[in-house]
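Please look over the model below before reading the points.

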Amino acid sequence: QFSLWKFMDKPVSRFPMYVFMKKFMLSNPLKVSGPIMRLGESAIFKNILARSFVTPQQESVIELDKLSVSKFAGKRVSKDNKYAIIYLHGGAFVLRFPTLYKYFSDYLNNLTGIPVYLPDYRLAPTHPFPAALEDTIETYERVQKEGYEPENIIFMGDSAGGNLVITSMLKLLEDKKPLPGAGVCFSPWLNLSEPEMRGSYVYNQATDIIPSDKISHALQAYLGDSFKESCDNPLVSPICSNRIGELPPLFITCGSGEVLLDQSLDFASNASYQGHKDVIVKTIPYECHSSILLALWGQTSATTTMTEMASWLTSLYPSPHHSSSFDHPIHKFLHQSFNPDVPFANMLNVHEDDKVNDLEEYASIYDKKVSDLKTLKNEANQ
């Protein structure tokens, strides 16, 4: 495992699979969406995930009118928890990788101690715009019915899911409905209007897995025959909205080597121009599109960025108690869960509680010896 993590610390563009993904798998997402999704759910890929990580928790499934929502709420969620995360997966609106995002949602739940809702929103071209947007709003309303206040719900998503994070908020504004408390976008696709081949679309073609000249295939699938007329719609391209300044706090990450880099930077600039006071953009050096998913493998820049995101959430939802209190779910994780095999991933996660049952719970989850954990704890405290 250690050698795997060292390998994952290389920029993605150096991976042997990189050329294959860019030249074939992602050359036309609409055309090869079926084979790609079958590969993502194949026994080979599932076996790779099963050998790389601890088996994820068994999620519960909520059936809605036109979609299902998986809920991940493991042991780390406190009984008095009042927060919830809605995670919107990526895939250019035409792809879905249930197994990969199941593992990532489990990781996110363990990182934050907050329940994660993963909607299986409808995909294009069978269900073009605004199907995915409608499913996101329906999921948001269902989570509220489970007892969560709107201001305590956090929208998160990567790539096309990052687009839905923003567009769903704009739709809620349009319908005069309460907004969620925060939004987190990983490598978001924020400008679907026909892009000119300039800026990061040009100089990052060699370092990103997304062929910038093929983006129009997914765009046309998502918007259908009217894509040229619809792509400037703020509910499609949120960068075109004049209400960005009214959105809740936003945390945006993007790789410095991805073609969508300029979109994140331009969106943040536009938000500040419109008066938004709390938008943070984190650029990950040398990384490509959606590299944040490599946090599953303990990749350094991805795990560091996820830790920063969790710290940002802590600043938005501070605990009324001393910082060592376990009442706040994120504080509880930072103090009770550290991975000695990947110390750079969670440097602050050192036990402060001497209760043996806490160590036993951690040991059972991560297959460690309690005696070894006590030794590590003592060394960390010295």
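1. The model is predicted: local features need pLDDT of at least 70, side-chain atom pairs count only at pLDDT 80 or more, and totals for chains, interfaces and linings use all residues. Residues are numbered from 1 along each chain as its sequence is written, and side-chain values use heavy atoms, with hydrogens and water left out.

2. The protein has 15 helices and 8 strands, taken as DSSP runs (helices H or I, at least four residues; strands E, at least two) and numbered from the N terminus.

3. Of the 382 residues, 56% are buried (under 20% relative accessible area, with exposed over 50% and partly exposed in between; 1.4 Å probe, protein chains only).

4. Taking contacts (heavy atoms within 4.5 Å) between residues at least 6 apart in sequence, 76% join residues at least 24 apart.

5. There are 10 aromatic pairs, where rings of Phe, Tyr and Trp (its six-membered ring) pair if their centres lie within 6.5 Å; planes under 30 degrees apart count as stacked, over 60 as edge-to-face and the rest as tilted. Phe93 and Tyr222 form a stacked pair, at 3.7 Å centre to centre and 5 degrees between the planes. Phe93 lies in the loop between strand 3 (84-88) and helix 5 (98-112) and Tyr222 in helix 9 (residues 215-223), so this pair ties together parts 129 residues apart in sequence.

6. Phe93 is buried at 1% relative accessible area, and Tyr222 is buried at 2%.

7. Tyr87, Tyr101, Phe104 and Tyr107 are linked into a cluster by ring pairs.
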